[in-house]
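Hi,

Here is the structure I said I'd pass on.

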Amino acid sequence: MSEVLKLTDLRRAYSQGGQTIHVLRGVNLSIAQGEIVALVGPSGSGKSTLLQAVGLLEGGFEGSIRIAGEEAAQLDNDGRTRVRRDSLGFVYQFHHLLPDFTAQENVVLPQIIHGATRAEADARAKTLLTTLGLSHRLDHRPSKLSGGEQQRVAVARALANRPALVLADEPTGNLDEATADIVLVEFLRLVREEGSAALIATHNERLAARMDRVVRLHDGVLG
Ligand code: ADP
Ligand code: MG
């Protein structure tokens, strides 16, 4: 299976104040194994809507979403949960780390849920966090970490279960420019090392240019 994501004629409309807004008007996109794709578009163009569709969290979409060969429309609730857990990793603009857990525990937990032993999960969490330069922050809670460090932990967590595809919605949008550059470069390096594919929404053209391919959302379709 060389294709991790295939979107065919994906559509999404929202009702707002009695009006219907067509946000996605027939999006087609294929992402190959290991490919890192930048999803670019101005604010309000539908980047988050597209990522939510692929993340299988929301309904209301038309068209086809295939993730690692599985057709989303044919999955029930358990099936969607399984695909999310087995094939997808998520990084958001705000880290959404669990505040009462340490950096390491935040990376361990999804692995335990996925069936890893505590020892395996601990070892992998340490490896990932060390690769991201956080070997001295393993036992810190999120509130004791800088913004850049928090996002690095979120990156490690997203990759913990070796997802085929990482979805990232403005992953460095909450960081200052210099920190955003460093964290994004590390994020991309780790995704490459791990062999995952990624779809990364950003409105930063400079950061998008560092990825394998740039797709642009404009008037509800990808150009
Ligand atoms: P982006 O992430 O590119 O900024 P979004 O996907 O967040 O764009 O939003 C695209 C459009 O869809 C915007 O016009 C936004 O107002 C609208 N929209 C997004 N989510 C909802 C929702 N839950 N209900 C109604 N409209 C929404
Ligand atoms: Mg958005």
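(Helices here are DSSP runs of H or I of at least four residues, strands are runs of E of at least two, and both are numbered from the N terminus.)

Before the rest, some housekeeping. This is a predicted model, where local features need pLDDT of at least 70 and side-chain atom pairs count only at pLDDT 80 or more, while totals for chains, interfaces and linings use all residues. Residues are numbered from 1 along each chain as its sequence is written, and chains are lettered from A and ligands numbered from 1 in the order in which they are written.

Back to α1. It is mostly covered, with six of its eight residues buried: Lys47, Thr49, Leu50, Leu51, Ala53 and Val54. (Buried means 20 or more other C-beta atoms within 10 Å of the residue's own, with C-beta atoms placed from the backbone.)

α1 also gives the most to the shell around ligand 1, namely three residues. The whole shell is Tyr14, Gln16, Ile21, Val23, Gly41, Ser43, Gly44, Ser45, Gly46, Lys47, Ser48 and Thr49, counting a residue if its C-beta atom, placed from the backbone, lies within 6 Å of the ligand. The elements giving two or more residues are β1 (3-16), β2 (19-32) and α1 (47-54). By class the shell has three nonpolar, eight polar and one charged. (Nonpolar is Ala, Val, Leu, Ile, Met, Phe, Trp, Tyr, Cys and Pro; charged is Asp, Glu, Lys and Arg; the others, Gly among them, are polar.)

Now the helix packing. α4 (residues 118-131) and α5 have axes 9 Å apart at an angle of about 135°, which makes α4 oblique to α5. (Axes are lines fitted to C-alpha atoms over the stretch in contact, with angles from 0 to 180 degrees between N-to-C directions; under 35 degrees is roughly parallel, over 145 roughly antiparallel, 65 to 115 roughly perpendicular and the rest oblique.) Ala125, Leu128 and Leu129 of α4 meet Val153, Ala156 and Leu159 of α5, where contact means C-beta atoms, placed from the backbone, within 7 Å. That contact has six nonpolar, no polar and no charged residues.

The axes of α5 (residues 147-159) and α6 (residues 177-194) come within 10 Å and cross at roughly 15°, so these two helices are roughly parallel. Their contact has six nonpolar, four polar and three charged residues.

Cheers

Methods
A residue is buried if 20 or more other C-beta atoms lie within 10 Å of its own, exposed if 12 or fewer, and partly exposed in between; C-beta atoms are placed from the backbone. Two residues are in contact if their C-beta atoms, placed from the backbone, lie within 7 Å.
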